[in-house]
Amino acid sequence: MSSIINNRKNIIMCSQCYEEFPSGYEYRLHWEEKHFYPYLKNNRFDHVRAKKDARYMKDIDRLIKEISNSI
Ligand SMILES: [Zn+2]
């Protein structure tokens with residue numbers, strides 16, 4: 001319990017590949033690179049393929065909305 005500073009804990013787990021991240025920023029970078037841009041074609045997001053790959057539909061629905069708002 002005394003190694004909190006040295007042993008930074010990963011607190012966010014990717015809902016799609018279960019990789020863990022210490023902050024929402026790192027998670028978002030990972031998510032965009034691995035789970036968003038690969039499905040982006042001709043400036044359109046391939047929802048069907050992304051959803052097919054997603055393990056939790058609920059989560060990806062929420063994340064798609066989140067990211068769609070910022071592009
Ligand atoms: Zn992931």
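## Basis

The model is predicted: local features need pLDDT of at least 70, side-chain atom pairs count only at pLDDT 80 or more, and totals for chains, interfaces and linings use all residues. Residue numbers start from 1 along each chain as its sequence is written.

## Overall fold

The protein has three helices and four strands. Helices (H or I, at least four residues) and strands (E, at least two) are DSSP runs, numbered from the N terminus. Along the sequence, the pattern is β-β-α-β-β-α-α.

Of the 71 residues in the protein, 7% are buried. A residue is buried if 20 or more other C-beta atoms lie within 10 Å of its own, exposed if 12 or fewer, and partly exposed in between, with C-beta atoms placed from the backbone. Among contacts between residues at least 6 apart in sequence, 21% join residues at least 24 apart; a contact means that the C-beta atoms of two residues, placed from the backbone, lie within 7 Å.

## Helix H1

H1 has 13 residues, and its end C-alpha atoms are only 16 Å apart, short of the 18 Å that a straight helix would reach at 1.5 Å a residue. That expected span is 1.5 Å times one less than the number of residues. The buried residues of H1 are Tyr 27, Trp 31 and His 35.

## Positive phi in two loops

Most residues other than glycine have a negative phi. Tyr 18, not a glycine, has a positive phi of about 65 degrees. Tyr 18 sits in the loop between strand S1 (12-13) and strand S2 (20-21), and is exposed because 8 other C-beta atoms lie within 10 Å.

Asn 43 is also not a glycine and has a positive phi of about 65 degrees. Its place is the loop between S3 and strand S4 (44-45). With 6 other C-beta atoms within 10 Å, Asn 43 is exposed.

Arg 49 belongs to helix H2 (residues 47-53). Arg 49 counts as exposed because it has 12 C-beta neighbours inside 10 Å. Tyr 39 is 10 residues from Arg 49 along the chain, and their C-alpha atoms are separated by 7.1 Å.

Pro 38 lies in the loop between helix H1 (24-36) and strand S3 (40-41). Pro 38 has 13 other C-beta atoms within 10 Å and is therefore partly exposed. Pro 38 and Arg 49 are 11 residues apart in sequence, with a C-alpha to C-alpha distance of 9.9 Å.
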